[in-house]
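Please look over the sequence and the model shown below. The report after them starts with a single residue and then moves to the chain and its contacts.

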Amino acid sequence: AEEYLAARGALTTALERAASVVQRGMMRLPPDIQRLAAERAREGLELAFRLAILGLDPERRRESAGAYRLTGALSGALGGFGGLPTTLAELPVTTGLIMRSVADIARARGLDLGAEEVRRACIEVFAFGGPLEEDDDADLAFWMTRLAGQEVAQLIAAVIARYAPVLVTKLGAQAAPLVGAAVGAGLNLVYMDFYQRMARVVFDLLPLERALGREAARRAFAARVDAKRRARGEDARFGR
């Protein structure tokens, strides 16, 4: 619960102050480009799901989170350097790097990346949308109730509905050449950190899901998030 609530941290706040830049970029994107970005999200997630675990040493038990954040930032900078065309090409790369880092975190926790349960959990991490979304608890509610019992293809399709807007936002923010390089590096750094945190949430809950059942464990998690919010003097979201 602490990891979940901390996911929108200082870097995210800094980017939110530049929200007007992001919004101006979004307004410049025609609908067909936004649809193309969504398609790139789907293609990238499907490819990442198939390839993320290739070459990962199953015996390694230490995360490489920092290295993935730096690699993601470099990818974002290169994508944003040329504006819209290079960012479109970079979107699947960013997705692949995030998925690779998610798989790395699962491995560091001793989980078997060949197990269907673990591979599905890697996809579910993307159901949390992104760090710049206003209603973060809509993603938590979606993850709690909508992803059970689906085939992998259905699961990817459901997750894309939450993940594609993240990449459309990224595309709009990086639409201006040269300036987009700095924005792209910053966005990718924030996105990578956010999904790494969500991966830790998802994977650390797996043992509880096995012991208590999926629905009971996730509802208990939401209740714990609410309790921590109340302790901070904030409104509860799921206990109303």
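Alanine 108 lies in helix α6; helices (H or I, at least four residues) and strands (E, at least two) are DSSP runs, numbered from the N terminus. At 19% relative accessibility, alanine 108 counts as buried, where buried means under 20% relative accessible area, exposed over 50%, and partly exposed in between (1.4 Å probe, protein chains only). Arginine 62 is 46 residues away from alanine 108 along the chain, yet their C-alpha atoms are separated by 5.1 Å.

The model is predicted, so local features need pLDDT of at least 70 and side-chain atom pairs count only at pLDDT 80 or more, while totals for chains, interfaces and linings use all residues. Residues are numbered from 1 along each chain as its sequence is written, and side-chain values use heavy atoms, with hydrogens and water left out.

**The chain as a whole**

How many helices and strands does the chain have? The secondary structure comes to eleven helices and zero strands. Of the 240 residues in the chain, 50% are buried. Contact means heavy atoms within 4.5 Å. Among the contacts in the chain with a separation of 6 or more, 81% are between residues 24 or more positions apart.

**Helices α5 and α6**

Helix α5 (residues 65-81) packs with helix α6 (residues 84-108) at an angle of about 175°, and their axes are 8 Å apart. Axes are lines fitted to C-alpha atoms, for helices over the stretch in contact, and angles run from 0 to 180 degrees between N-to-C directions. The angle makes α5 roughly antiparallel to α6; angles under 35 degrees count as roughly parallel, over 145 as roughly antiparallel, 65 to 115 as roughly perpendicular and the rest as oblique.

The residues of α5 in this contact include Tyr68, Gly72, Gly76 and Phe81, and those of α6 include Thr87, Glu90, Leu97 and Asp104. The residues of the contact divide into six nonpolar, ten polar and three charged. In this count Ala, Val, Leu, Ile, Met, Phe, Trp, Tyr, Cys and Pro are nonpolar, Asp, Glu, Lys and Arg are charged, and the others, Gly among them, are polar.

**Buried residues and their partners**

Glutamate 90 lies in helix α6. Leaving out residues up to four places away in sequence, glutamate 90 touches Ser75, Gly76, Gly79, Lys170, Gln174 and Asn188.

One of these partners, glutamine 174, is found in the loop between α9 and α10. With the same exclusion of residues up to four places away, the residues that glutamine 174 touches include Gly76, Gly83, Thr87, Glu90 and Leu187.

Arginine 200 is found in helix α10 (residues 179-212). Not counting residues up to four places away in sequence, arginine 200 touches Glu3, Glu63, Ala65, Ile105 and Arg109. Arginine 200 and glutamate 3 are 197 residues apart along the chain, and their C-alpha atoms are separated by 7.7 Å.

Valine 168 lies in helix α9 (residues 152-173). Between valine 168 and glutamine 34 the C-alpha distance is 6.0 Å, although they are 134 residues apart in sequence.

The table gives the relative accessibility of these residues.

| Residue | Relative accessibility | State |
|---|---|---|
| Glutamate 90 | 5% | buried |
| Glutamine 174 | 0% | buried |
| Arginine 200 | 15% | buried |
| Valine 168 | 8% | buried |

**Aromatic rings**

The structure holds eight aromatic pairs. Rings of Phe, Tyr and Trp (its six-membered ring) pair if their centres lie within 6.5 Å; planes under 30 degrees apart count as stacked, over 60 as edge-to-face and the rest as tilted. The rings of tyrosine 4 and phenylalanine 221 are edge-to-face, because their planes are at 80°, and their centres are 6.0 Å apart. This pair links distant parts of the chain, with tyrosine 4 in helix α1 (residues 2-6) and phenylalanine 221 in helix α11 (residues 214-231), 217 residues apart. Both tyrosine 4 and phenylalanine 221 are buried. Phenylalanine 194 and tyrosine 195 form another edge-to-face pair, at 5.1 Å centre to centre and 75° between the planes. Ring pairs also link Tyr4, Phe128, Trp143 and Phe221 into a cluster.
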